[in-house]
Amino acid sequence: MRIAYITAGAGGMLCGSCLHDNTLAAAIRGLGHDIALIPTYTPIRTDEADVSLDEVFYGAINIYLQRRSSFFRRTPRFFDRLLDHPALLGWVARRASTTSAAELGALTLSVLRGEQGSQRKELDRLVAWLRDDFKPEVVHLTNSMFLGLAGGIRRETGVPVICSVQGEDLFLDRLEEPYRGQVIAELRARAGDVDTWIAPCRDHADRMSELIGVPRGRMLVVPLGLNLDGYAPGPPTDMKRPFTIGYLARFAPEKGFHLLIEAFRLLAERADRAGGRAVLLRAAGYLGENDRRWFEQQTARLASWGLADRFELIGEVDHAGKIAFLRDLDVLSVPTIYREAKGLFVLEALAAGVPFVQPAHGSFPEMLERTGGGLLFEPGSAEDLARKLGDLMEDPALRSSLGGRGNAAVRANGSAGTMAAETMKVYLAARGDRCTS
């Protein structure tokens, strides 16, 4: 099958959606299908081999300028191509923190309006490329913020359009009114332009079907999968070294790093009182300029508690570095304060034989159901998180059992190949439905 998968670059950030889309495209290609991973806004960034096209559609600079001035809606392609240069897109993306909330809302709404928005020129270019050059049998949009593309693509190519939902409710909640309400109304109005929807878990499928008015039966669930190359459980834990808790995610308030350090403080106090094993917190991930001040406030809290020497900041890691980081952990926790739709870091930890402690909301109860590889705590409770971490610290047999069970489950049912095969079933069903309609 010939598949066009339209993804979204995150401005140089390693994001879960980029990682997922790239892994999925590579695995579908491995099944023998012809798939084009088409970046929009900026080039994607991944810690594996990048399988996306070199060309960027809906370049971030062009869509911004086209909304701001009608002059840029008429510029020739050679000029637009200069603004789509990867180096320039990367430079602008690193300064995106200066974009106002109002500008973000207006831009989102404009893109969603498709032919009626300010980026009609970008839509026409993408549709023409799909129709005349690539000629796909199925088009897959990475998230619902691309619904403005769906109608034009369906009309001009005559092929089914699939759309994923990957946590954009968090983005919607950040939009100011009246834009949030207007964007949701536009999503509801255009949801019928999509043939089939894919969500990574039941919880997110339930929430998004209600939010954008899609019948739940059209919102299918394809759980996340992971490229397992290079992953293997680490050596048995050296009980003489500190009990090591890991955090692997973007450093941002919604990811709950502040909650983890509070639980770490409680656990350290408990361990010190008991005279038992020392504890260590290691953290890896991307830190954007928007969140730097907040992050520095959190590390200052650690220092004020006398725990600075028990915290190790690893920062961003490549694929090999991520695996090495995970293999040195006793447990992973990313205690999100929102209902996480994906949680790829949980699968990555389990692939390295590391159990997890996650909040009992979003995708995590389903991940526990699928893998049996961890514990859940009461969302938002540092005290309960500390208790569950303490349970694993004090019970090596439980820790080993959970890590081993989770690792076996991921290897049996959580591979990228499994995810690709399940996604192909969705594509084939959608193509069949369109062919018989």
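Reader: Which residues of α7 are buried?

Author: In this predicted model, the buried residues of α7 are L147, G148, L149, A150, G151, G152, I153 and T157. Just after α7 comes G158, with a positive phi of about 70°.

Reader: What makes helix α7 largely enclosed by the rest of the structure?

Author: The count does. Helix α7 covers residues 147–157, and eight of its 11 residues are buried. Buried means under 20% relative accessible area. The helix is therefore largely enclosed by the rest of the structure.

Reader: Why does D169 count as buried?

Author: Its relative accessibility is 15%. The cut-off for buried is under 20%. So D169 counts as buried. D169 sits in helix α8, residues 168–174.

Reader: Which residues is D169 in contact with, leaving aside neighbours within four places in sequence?

Author: D169 is in contact with H204, R207, M208 and L211, once neighbours within four places in sequence are left aside. Contact means heavy atoms within 4.5 Å.

Reader: Why is M393 called buried?

Author: M393 has a relative accessible area of 9%. Buried means under 20%, so the value of 9% qualifies M393 as buried. M393 belongs to helix α16, residues 382–394.

Reader: What is in contact with M393, leaving aside neighbours within four places in sequence?

Author: Those contacts are F243, L267, A271, R277, V279 and R399. As for G276, it is 117 residues from M393 along the chain, and the two C-alpha atoms are separated by 9.9 Å.

Reader: How many aromatic pairs are there in the whole structure?

Author: The search finds 13. One of them is F72 and F79, a stacked pair.

Reader: What makes the pair of F72 and F79 stacked?

Author: Two values settle it. The ring centres are 6.3 Å apart and the planes are at 25°. A pair needs centres within 6.5 Å, and stacked needs planes under 30 degrees apart. So F72 and F79 form a stacked pair.

Reader: Are F72 and F79 buried or partly exposed?

Author: F72 has a relative accessible area of 18%, so it is buried. F79 has 28%, so it is partly exposed.

Reader: Why is the pair of F251 and F295 called tilted?

Author: The ring centres are 4.8 Å apart, with the planes at 55°. Stacked needs under 30 degrees and edge-to-face over 60, and the rest count as tilted. An angle of 55° therefore makes the pair tilted.

Reader: What does the pair of F251 and F295 tie together?

Author: F251 lies in the loop between β8 (243–248) and α11 (257–274). F295 lies in helix α12, residues 289–304. So the pair ties together parts that are 44 residues apart in sequence.

Reader: How many helices and strands does the protein chain have?

Author: The protein chain has 18 helices and 13 strands.

Reader: How do you know that the protein chain is as compact as a globular protein of that length?

Author: Its radius of gyration is 22 Å. The globule rule gives 22 Å for 437 residues. The values are close, so the chain is as compact as a globular protein of that length. Buried residues make up 56% of the 437.

Technical notes. Residues numbered from 1 in each chain as written. Predicted model: local features only at pLDDT ≥ 70, side-chain atom pairs only at ≥ 80, totals over all residues. Heavy atoms only, no water. Helix = DSSP H or I, 4+ residues; strand = E, 2+ residues; numbered from the N terminus. Rg over C-alpha atoms; globule rule 2.2 N^0.38 Å. Buried < 20%, exposed > 50% of the residue type's maximum accessible area, 1.4 Å probe, protein only. Phe/Tyr/Trp six-rings, centres within 6.5 Å; stacked < 30°, edge-to-face > 60°.
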